[in-house]
Amino acid sequence: GLSPAAPGPLSGRHALVTSGPTHEPIDPVRYIANRSSGHQGHAIAGALARLGARVTLVSGPTALADPPGTTVVRVTTAREMLAACQQALPADIAVCAAAVADWTVTHPATHKTKKAAGAPPPVLALSPNPDILANLAAAGPQRPALVVGFAAETEEVVAQASAKRLRKGCDWIIANDVSEAGNGGRGTVFASPDNTVHVITAEGVEDWPTLSKDVVAHRLAGRIAATLTDRAA
Ligand code: CTP
Ligand code: CA
């Protein structure tokens, strides 16, 4: 909204958060997407706003309400998400929680593709999408001081996520185990209110207990505020 941010440890800071999936159209009625409710990203945006940050939330399609105190920019595709993020710069903090589709359909059909009796199924040609997190982490003078990514993994969770942190050039990676076992045997994390994460920084790995996504957001926002306050001191 347009109301000024509440005072807090992140007053005067601008935070950019991505959330939700992206949808890559196949034709006017079909798309490719990743599984994501947007719950974790939206909760982080809200938690940063409660600590006083001005928050731009760039969100793919979700069923969620806008978190209070944030400015929400709605996008559909990964390319639109990257453009919206670049437009939102400069920012002090970037948190990339979106489940961005890795590929887009090279030639989406302008009309609905119809089944024809006996015809073979269509074959989709895919092209790689831009990496929004890597772009923000390599934004030169526009690079946010703290760039945080997520890594959803099903095996060797911490090792894969640590490699991802270095590959993408971000400061922290929040790794979550999206295998069913990684969510305490309660099914996958996607539809769950809970999340079990490891916070991977240059200093090492913190294992957090299984917490609600809202509590993960609150703790992460607090850790971000403490880190920026320390650096400024
Ligand atoms: N991400 C992004 N843009 C992309 C792909 C990923 O911003 N095109 C961000 C996600 O928001 C997340 C982090 O990068 O913060 C890691 O996403 P993930 O899908 O785990 O990484 P990938 O590099 O796409 O690797 P993988 O092959 O495991 O999917
Ligand atoms: Ca990916």
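Me: What is the relative accessible area of P130?
Reply: P130 has 24%, so it counts as partly exposed. Buried means under 20% relative accessible area, exposed means over 50%, and partly exposed is in between, with a 1.4 Å probe and protein chains only.

Me: What kind of model is this?
Reply: It is a predicted model: local features need pLDDT of at least 70, side-chain atom pairs count only at pLDDT 80 or more, and totals for chains, interfaces and linings use all residues. Residues are numbered from 1 along each chain as its sequence is written, chains are lettered from A and ligands numbered from 1 in the order written, and side-chain values use heavy atoms, with hydrogens and water left out.

Me: Back to P130. Where is it found?
Reply: In the loop between β8 (126-128) and α3 (132-137). Helices (H or I, at least four residues) and strands (E, at least two) are DSSP runs, numbered from the N terminus.

Me: Which residues does P130 touch?
Reply: R79, L82 and N135, not counting residues up to four places away in sequence. Contact means heavy atoms within 4.5 Å.

Me: Which residues does UniProt list for "binding site"?
Reply: The unreviewed entry lists D102, K112, P130, D131, I132, L133, F150, K164 and K168. These residues are spread over 67 residues of sequence, and up to 37.5 Å between C-alpha atoms. UniProt positions follow the numbering used here, feature names are shortened, and annotations may be inferred rather than shown by experiment.

Me: Which of this set are in the lining of the largest pocket?
Reply: D102, P130, D131, I132, L133, F150, K164 and K168. The search uses a 1 Å grid over the protein atoms alone. A pocket is an open set of points where a 1.4 Å probe fits, with protein on both sides within 12 Å along at least five of seven lines, and lining residues have an atom within 4 Å of a point.

Me: What are the protein donors of the calcium ion?
Reply: For ligand 2 they are D102 (OD) and D102 (OD), at 2.5 to 2.6 Å. Donors are N, O and S atoms within 2.8 Å of the metal (3.2 Å for Na, K and Ca); water is not among the atoms, so sites may look incomplete. D102 lies in the loop between β6 (93-96) and β7 (103-105).

Me: K164 next. Buried or exposed?
Reply: K164 counts as buried, at 19% relative accessibility. K164 lies in helix α4. Leaving aside neighbours within four places in sequence, K164 is in contact with A151, E153 and I173.

Me: Which residue follows α4?
Reply: G169, with a positive phi near 75°.

Me: How many residues of α1 are buried?
Reply: 10 of the 12, so α1 is largely enclosed by the rest of the structure. Among them are Q40, H42, I44 and L48. Just after α1, G52 has a positive phi of about 105°.
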